[in-house]
Amino acid sequence: MKRILVVGASAAGLAAAETLRREGFDGTLTLVGDEPEAPYDRPPLSKQILSGEWSAGRLPLRPPADLDALGLDLRLGVAATGLDLAERTVRLADGAVVPYDGLVVATGVRPRRLPGRGAHVLRTLDDALALRGRLGPGRRLAVVGAGFLGAEAAAVARGLGCEVTLLEPAPVPLAHALGEHVGRVLSRAHLEHGVNLRTGVTVTEVDEGGVRLADGELVEADEVLVAIGSLPNTEWLAGSGLTVADGLVCDAYCAAAPDVYAAGDVARWHNPLFGTSMRIEHRTNAAEQGMAAARNLLHPEARRPFAPVPYFWSDQYDMKIQAYGQLRGHDGVAVMEGDLDERRFLAAYRTGDRLTGVLTVGMPPKAIRPWRQAIAAGADRLPASA
């Protein structure tokens, strides 16, 4: 293998490129990214960048010298537009055709949008800077979607003195993933900080002066942030012969085809630890999967299944939220330590008879680590009635 191409210059793509070099690959290594910036970190966009606590200069994942040391054929500001598996080439938006012997797909996701014009989304550095420039004391912000991204942005906006309306179609935000009781705890924090949280409402479009609800009501706002989920960037793979279904479908080794692997937000792979297909949009998973995909591509004789215990975190007001495992689709949840009302607790999640997830709010990192190990071991530490 003399030429390896990594499409996607973010956390997963960079992790793959670094791993390839670290594992001894000394051939041509091309890294393609559709943004003009060198690989940078995305979680701070909805936190430190949006609040103004950080400057954009703190976002790059590696200093220029470290990138130079990788000896990359670095192509930034140009998107991939097509893949020919038979010819082993990728077409780029600038007309270039890049050959490869091995390919890592790490093209990530893009935000879902609503009909209408003028709304913000929050995925890129430019998105975050554009929204940051419009926030301040007395400004009215409508956030559509009370998932983690929308909740984080709402918390930051309140800290900047904005009047915030948070709009969510579900009766309890995040209940589908975290359970109703935990969802209510997180919701209460927003209410206590002065957010106008409206649940059970559906936004149909962005309108002049705000957003329009399904019943015709106009929710007035100076700025609108749409945070209603993401779509995998797989359009460029159309006609390639690869299987695409809410992401690029891979096996347990992150392989989508011979010598074609995927990593990060775009990858839908079979996680043997949980016995199910999953696609995870979390920073930690992106880096871990990038490394795993690179190793499996470079050393096919020693491939290992990628079977992580997923991890994510969120910062909202004074709450530090951390979670391990697969929380969605749980059959039961039980508070094992702390107290929900104090917003300092550890909740464990059961699917069938198995412990599959754990979430903490306001607890030290050492409180959650043993539970991660228990999830990895397939333990049952919940009462059957939970």
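Visitor: Which residue in β19 does Ala 257 stand opposite?
Guide: Bear in mind that this is a predicted model. β18 pairs with strand β19, residues 260-262, in the antiparallel sense over two bridges. Ala 257 falls in β18, which spans 255-257. Its opposite number in β19 is Val 260.

Visitor: And what is the strand order of the open sheet of six strands?
Guide: The pairing in this sheet is mixed. Its edge strands are β3 (73-76) and β18 (255-257), each pairing on one side only. From strand to strand, the twist averages 20 degrees. Read across, the order is β3-β2-β1-β7-β19-β18.

Visitor: Let's zoom in on β7. Is Val 104 buried or exposed?
Guide: Val 104 is found in strand β7. Beyond four places in sequence, it touches Leu 5, Val 6, Val 7, Ala 16, Tyr 261 and Leu 297. Its relative accessible area is 0%, and the cut-off for buried is under 20%, so Val 104 counts as buried.

Visitor: How many Å separate the C-alpha atoms of Val 104 and Ala 255?
Guide: Along the chain these two are 151 residues apart.

Visitor: Now the helices. At about what angle does α8 run to β19?
Guide: Helix α1 (residues 11-22) lies across β1, β2 and β7, running at about 175 degrees to β2. Helix α8 (residues 283-298) lies across β1, β7 and β19. Its angle to β19 is about 165 degrees.

Visitor: What is the handedness of the crossing where α1 passes α8?
Guide: The two axes come within 7 Å and cross at roughly 40 degrees. Among the residues making the contact are Ala 12, Ala 16 and Leu 20 of α1, and Ala 287, Gly 290 and Met 291 of α8. As for the sense in which α1 passes α8, the crossing is right-handed.

Visitor: How many residues of that contact of α1 with α8 are nonpolar?
Guide: The charged ones number three, and Arg 22, Arg 283 and Arg 295 are in the contact. Two residues count as polar.

Visitor: Which residues touch the most other members of the largest nonpolar core?
Guide: Nonpolar side chains tend to be buried together in soluble globular proteins. The largest core here has 67 residues, and a second, separate core of 24 residues includes Leu 45, Ala 146, Val 164 and Leu 225. Setting aside neighbours within four places in sequence, the contacts of Val 90 include Leu 5, Leu 83, Leu 103 and Trp 236. The residues touching the most other members of the largest core are Val 90 and Leu 103.

Visitor: One on backbone geometry: is Arg 343 buried or exposed?
Guide: Most residues other than glycine have a negative phi. Arg 343, in the loop between β24 (332-339) and β25 (344-351), has a positive phi of about 55 degrees. With a relative accessible area of 16%, Arg 343 is buried.

Visitor: And what is the relative accessible area of Asp 246?
Guide: Asp 246 sits in the loop between β16 (230-232) and β17 (248-249). It has a positive phi too, of about 50 degrees, although it is not a glycine. Asp 246 is partly exposed, and its relative accessible area is 41%.

How values were computed:
Residues are numbered from 1 along each chain as its sequence is written. This is a predicted model: local features need pLDDT of at least 70, side-chain atom pairs count only at pLDDT 80 or more; totals for chains, interfaces and linings use all residues. Side-chain values use heavy atoms; hydrogens and water are left out. A nonpolar core is a set of buried Ala, Val, Leu, Ile, Met, Phe, Trp, Tyr and Cys residues joined through side-chain atoms within 4.5 Å. Buried means under 20% relative accessible area, exposed over 50%, partly exposed in between (1.4 Å probe, protein chains only). Contact means heavy atoms within 4.5 Å. Two strands pair if DSSP finds at least two bridges between them. Helices (H or I, at least four residues) and strands (E, at least two) are DSSP runs, numbered from the N terminus. Axes are lines fitted to C-alpha atoms, for helices over the stretch in contact, and angles run from 0 to 180 degrees between N-to-C directions. A crossing is left-handed if the near helix is turned anticlockwise from the far one by less than a right angle, and right-handed if clockwise. Ala, Val, Leu, Ile, Met, Phe, Trp, Tyr, Cys and Pro count as nonpolar, Asp, Glu, Lys and Arg as charged, and the others, Gly among them, as polar.
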